[in-house]
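I opened this entry to keep track of what I looked up in the structure. The notes follow the order in which I checked things.

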Amino acid sequence: MINTYQLYQQYADATDPLRASARMMAPVFGVEWPGLPVHPVMRKLASACEVFARTQLTHARPDFEINSVEDGGCTVSVHEEVVAGTPFCSLLRFRKETSDAQPKVLVVAPMSGHFATLLRGTVKTLLRHHDVYITDWHNARDIPAGHGKFGLDEYVSHVISFLEILGPGTHLLAVCQPTVAALTAAAVMADDGNPAQPRTMTLMAGPLDTRVNPTTVNALAKSKPIEWFEKNMISTVPARHPGGGRRVYPGFMQLAAFMNMNLNRHVDAFRNLYHHLAEGEDEKASQIKTFYEEYFAMSDLPAEFYLETVQMVFQEHALPLGTLQYQGRDVNPRAIRRTALFTIEGEKDDICAVGQTVAAQEMCSSIRPYMRLHHVQTAVGHYGVFNGRRWENEIYPRLRDFINMHHR
């Protein structure tokens, strides 16, 4: 059987030196000599080199680069600290240099081909009024196979463990894919009477019931049997990497799937980047470069987690149908009574459509009405639910007030 990962590695080995050369040549072509303007042809050559260099995929987590934040009208320093960790994840805290006690928020980041830094804007906004922690998932290709498998059960176990470390009164926030694991963790903890069960749970743009308004992503997940996904989407990490021999769903395959959904938009973005660079429009070019630096930083998923997610979440709809199990026991969202629930959706979300996240409200039928809230944000797609202007100005104020209301 052909190892897709090995083919990708050979392609990267062959083309990365070319991109490195282009990266070095770009400033040479674009150099400005005192008193002499850059010739338009040379500027275009420099722009072409930079655009080509930026098509390279990377496999290391970028920095969060959150060094300070506005808190109560003052600028305070922020320091990243690893509070706890396993071979698969680090519990990262963004400690602010302030003595004020603020609500603890555990942000559960997606394990979906990108790093937790994709939520950089989410975290920075939350830091205005909260003590913020995040699940910083590690790249599966860097985790030695000897550390064992990592499936949906292990994901949920991590969320429960981190909530226990942070202690009672913590607020839980999950973005997209991990809304299923977050709801499962809250249900298990409620069923056990765990004192660390979250005070509130905010589920944002997640696939909790993909039978509702199915998207293209949902249709693709149901178009083939799970055996097809295992045969065609799973590869083995090459021996050169620390996780050599581990079976993974490669991040580059997820990136290809994401880009194919909106291919014209990405082509236009790189075309615009070339023109902005050629015309000296550095600020406009910088916005595009910043986005793709994050977008092209890829993380591989453990094969078990990917396959179980496809099968249980998208094909079998196990959570809404009441058939989901955690470590051999039934998951019962109706056990949740003490955790307030906030569900958030984007009007134009083409990944997790309107109706898929609010389904949690019906599943968690034991939560009292005054402890529930739902919001549909107009004029935003999937990414805009947790990042950007409308997240900061319209969604976040509602979330902040919801947490304050139930932080007693």
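**Glu-294 and its partner**

I began with Glu-294, which counts as buried at 7% relative accessibility. The model is a predicted one. I then looked for a charged partner and found that the side chains of Glu-294 and Arg-120 meet in a salt bridge, 3.0 Å from N to O. This pair links distant parts of the chain, with Arg-120 in helix H3 (residues 120–126) and Glu-294 in helix H10, 174 residues apart. Arg-120 is partly exposed, at a relative accessible area of 21%.

**Asp-63**

I next looked up Asp-63, which sits in the loop between H2 and S1. Is Asp-63 buried or exposed? Asp-63 is exposed, with a relative accessible area of 53%. Leaving out residues up to four places away in sequence, I listed Thr-117 and Arg-120 as what Asp-63 touches. I also checked Asp-63 against Glu-294: the C-alpha atoms are 9.7 Å apart in space, while the two residues are 231 apart in sequence.

**Arg-54 and Glu-293**

I moved on to Glu-293 and found a salt bridge between the side chains of Glu-293 and Arg-54, with 2.9 Å from N to O. Arg-54 is in the loop between H2 and strand S1 (68–71) and Glu-293 is in helix H10, so this pair ties together parts that are 239 residues apart in sequence. I noted both accessibilities: Arg-54 is partly exposed at 25%, and Glu-293 is partly exposed at 46%.

I recorded another salt bridge between the side chains of Asp-209 and Arg-211, at 2.8 Å from N to O. Asp-209 is buried, with a relative accessible area of 8%, whereas Arg-211 is partly exposed at 42%. My search of the whole structure gave 19 salt bridges.

**Helix H2**

I checked the geometry of H2, residues 40–53. The helix has 14 residues and reaches 20 Å from its first C-alpha to its last, close to the 20 Å expected at 1.5 Å a residue. I listed its buried residues as Ala-46, Ser-47, Cys-49, Glu-50, Val-51 and Ala-53. What do the buried residues of H2 pack against? I found helix H1 (4–29), helix H9 (263–278) and helix H10 (282–295).

**Nonpolar core**

I looked up the largest nonpolar core, which has 122 residues, and noted that Phe-94 and Ile-134 touch the most other members. Helix H5 (residues 179–192) gives the largest share of this core, 10 residues. For Ile-134 I set aside neighbours within four places in sequence and read off the contacts, among them Phe-64, Leu-91, Phe-94, Leu-106, Val-107, Leu-119 and Val-123. Ser-90 is also in contact with Ile-134.

**Annotated domain**

Last, I consulted the UniProt record, an unreviewed entry, which places the feature "domain: PHB de-polymerase C-terminal" at residues 205–405. I computed that this span, residues 205–405, is 47% helix and 12% strand. The end C-alpha atoms of the span lie 22 Å apart.

Methods. Residues numbered from 1 in each chain as written. Predicted model: local features only at pLDDT ≥ 70, side-chain atom pairs only at ≥ 80, totals over all residues. Heavy atoms only, no water. Helix = DSSP H or I, 4+ residues; strand = E, 2+ residues; numbered from the N terminus. Expected span 1.5 Å × (residues − 1). Buried < 20%, exposed > 50% of the residue type's maximum accessible area, 1.4 Å probe, protein only. Contact = heavy atoms within 4.5 Å. UniProt positions renumbered as here; feature names shortened; annotations may be inferred. Salt bridge = Lys/Arg side-chain N within 4 Å of Asp/Glu carboxyl O. Core = buried A, V, L, I, M, F, W, Y, C linked by side-chain atoms within 4.5 Å.
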